[in-house]
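Here are a few notes to go through with the model open beside you. Start wherever you like, but the points are meant to be taken in order.

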Amino acid sequence: FWSNHYDLSIHYVGHATAFDEVAIDGSIAAGDATVRYLKAGRLLAAASIGRARENLVIETEIEGFVG
């Protein structure tokens, strides 16, 4: 899903009700970042700002685990 908050657009893919690691790539403050939620090294979900295309790529990665 995605959500707009004033001039900030957040894209989220996956489902992470519990996770043991959060990996941040980029700068949240600058509006250019991806936050990955992992459990036991497995990518469960990701939230991004300013990186819609990367979020779509991550979606295909996560779907590979589901099928």
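1. Leaving aside residues up to four places away in sequence, A16 touches Y37, L44 and A45 (contact: heavy atoms within 4.5 Å). This is a predicted model, where local features need pLDDT of at least 70, side-chain atom pairs count only at pLDDT 80 or more, and totals for chains, interfaces and linings use all residues. Residues are numbered from 1 along each chain as its sequence is written, and side-chain values use heavy atoms, with hydrogens and water left out.

2. A16 is one of the 7 residues of the largest nonpolar core, together with Y12, V35, Y37, L44, A45 and A47. Such a core is a set of buried Ala, Val, Leu, Ile, Met, Phe, Trp, Tyr and Cys residues joined through side-chain atoms within 4.5 Å; buried means under 20% relative accessible area, exposed over 50%, partly exposed in between (1.4 Å probe, protein chains only). β4 and β5 are the elements giving two or more residues to this core, and β5 has the largest share, with 3. Strands are DSSP runs of E, at least two residues; helices are H or I, at least four; both are numbered from the N terminus.

3. Apart from that core lies another, of 6 residues, including V13, L38, L43 and A46.

4. Now look at R51, in the loop between β5 and α1 (52-66). R51 is buried, at 15% relative accessibility. Its contacts, not counting residues up to four places away in sequence, are D25, G26, D32, A33 and T34.

5. Check A40 too, in the loop between β4 (32-39) and β5 (42-49). A40 is not a glycine, yet has a positive phi of about 55°. A40 is exposed, with 70% relative accessible area.
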